[in-house]
Amino acid sequence: MASTNYWLMKSEPSTFSIDDLAQSRDQRTCWDGVRNYQARNYMRTMALGDQILFYHSNADPPAVVGIAEVVRTAYPDSTQFDKKDKHYDPTSKPSDPRWDMVDIKYVRAFPKPLTLEDMRKDPQLKGMVLLKKGSRLSVQPVTPAEWQHILRLAKKN
DNA sequence: GCCAACGTTGGC
DNA sequence: GCCAACGTTGGC
């Protein structure tokens with residue numbers, strides 16, 4: 001068994017916030033709607049128990065707001081075949097689904113969000129994918145060092 | 001295979 | 001609401 005991996009996943013709180021996750025049935029949800037190959041590929045490498053930083057994008061302020069974990073590994077995203085869904089993909093075939101999703105479960109919310117601004121100011125987080133110029137990836141890897149540092153900051157916050 | 005046009009993301 | 005950065009599409 002490989003060691004735990006760490007990730008960051010973005011969500012717009014006006015669409016789905018960490019509170020929405022906490023109030024979901026069994027505090028779980030499927031992470032549908034990802035339509036970016038790199039993000040999809042990262043999801044495909046996720047293992048049960050992998051830990052996730054839950055990030056609010058397009059928020060005021062943008063911030064990491066808590067933690068979730070992977071409770072089901074990648075499987076086909078049903079919304080790609082749903083004509084009525086915003087994420088419907090007419091070019092994806094049920095015999096060869098293009099888009100996957102994972103299920104995640106609420107672990108906890110930080111007492112106070114760790115803002116993007118806070119993270120930018122921290123030299124130890126300089127290498128984070130999130131902070132790279134023009135980075136728009138909605139699913140991205142986090143190193144163990146970054147993960148631990150962020151948890152420390154969140155506690156101190 | 002190039003690249004212009006277009007759509008989207010997401011901070012500000 | 002603006003717009004820079006990025007990914008994708010499609011004509012050539």
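**Exercise 1. An aromatic cluster**

Which residues form one aromatic cluster with F16?

*Solution.* The cluster that includes F16 also holds W31 and F54. The model is predicted, with pLDDT of at least 70 needed for local features and 80 or more for side-chain atom pairs, while totals for chains, interfaces and linings use all residues. Residues are numbered from 1 along each chain as written, chains are lettered from A and ligands numbered from 1 in the order written, and side-chain values use heavy atoms, without hydrogens and water.

**Exercise 2. Elements of chain A**

State how many helices and strands chain A has, and give their order.

*Solution.*
1. Chain A has four helices and six strands (DSSP runs: helices are H or I with at least four residues, strands are E with at least two, numbered from the N terminus).
2. Read from the N terminus, the order is β-α-β-α-β-β-β-α-β-α.
3. The C-alpha trace of chain A spans about 50 × 30 × 30 Å along its principal axes.
4. Chain A has 157 residues, and 43% of them count as buried (buried is under 20% relative accessible area, exposed over 50%, partly exposed in between, with a 1.4 Å probe and protein chains only).

**Exercise 3. Two aromatic pairs**

Describe the pair of Y6 and W147, then the pair of F16 and W31.

*Solution.*
1. Five aromatic pairs occur in the structure (ring centres of Phe, Tyr or Trp, the latter by its six-membered ring, within 6.5 Å; planes under 30 degrees apart are stacked, over 60 edge-to-face, the rest tilted).
2. Y6 and W147 are stacked, with 4.6 Å from centre to centre and 25° between the planes.
3. This pair links distant parts of the chain: Y6 belongs to strand β1 (residues 6-11) and W147 to helix α4 (residues 144-156), and 141 residues separate them.
4. Y6 and W147 are both buried.
5. The pair of F16 and W31 is edge-to-face, at 6.4 Å centre to centre and 85° between the planes.
6. F16 is in the loop between β1 and α1 (18-23), and W31 is in the loop between β2 (28-30) and α2 (37-44), so the pair ties together parts 15 residues apart in sequence.
7. F16 and W31 are both buried.

**Exercise 4. Around DNA strand B**

Which residues surround DNA strand B, and which of its atoms come within 4 Å of the protein?

*Solution.*
1. K10, Y55, S57, N58, P62, L116, R120 and R136 surround DNA strand B (near means that a heavy atom of the residue lies within 4 Å).
2. Of the atoms of DNA strand B within 4 Å of the protein, 67% belong to sugar and phosphate.
3. K10 has a polar side-chain atom 2.8 Å from a phosphate oxygen of DNA strand B (a polar contact is a pair of N or O atoms within 3.5 Å).
4. For Y55, the distance from a polar side-chain atom to a phosphate oxygen of DNA strand B is 2.7 Å.
5. N58 takes part through its backbone: a polar backbone atom of N58 is 3.0 Å from a phosphate oxygen of DNA strand B.

**Exercise 5. Around DNA strand C**

Which residues are around DNA strand C, and what does the side chain of R136 lie 2.6 Å from?

*Solution.*
1. Y37, K133, G134 and R136 are around DNA strand C.
2. Sugar or phosphate makes up 62% of the atoms of DNA strand C within 4 Å of the protein, and bases make up the rest.
3. In K133, a side-chain N or O atom is 3.0 Å from a phosphate oxygen of DNA strand C.
4. In R136, a polar side-chain atom is 2.6 Å from a base oxygen of DNA strand C.
5. R136 is listed around DNA strand B and around DNA strand C.

**Exercise 6. Backbone details**

Locate the cis peptide bond at P61, then describe phi and accessibility for D26 and Q27.

*Solution.*
1. The cis peptide bond joins D60 and P61, with omega about 0°.
2. P61 is placed in the loop between β3 and β4 (63-76).
3. D26 is in the loop between α1 and β2, and its phi is near 60°, a positive value in a residue other than glycine.
4. D26 counts as exposed because its relative accessibility is 55%.
5. Q27 lies in the loop between α1 and β2, with a positive phi near 55°, again in a residue other than glycine.
6. Q27 has 30% relative accessibility and therefore counts as partly exposed.

**Exercise 7. Residue Q51**

Is Q51 buried or exposed, and in which strand does Q51 lie?

*Solution.*
1. Q51 is in strand β3 (residues 51-56).
2. Its relative accessibility is 16%, so Q51 counts as buried.

Note on methods
Polar contact = N/O pair within 3.5 Å; in protein donor to acceptor, adjacent residues only side chain to side chain.
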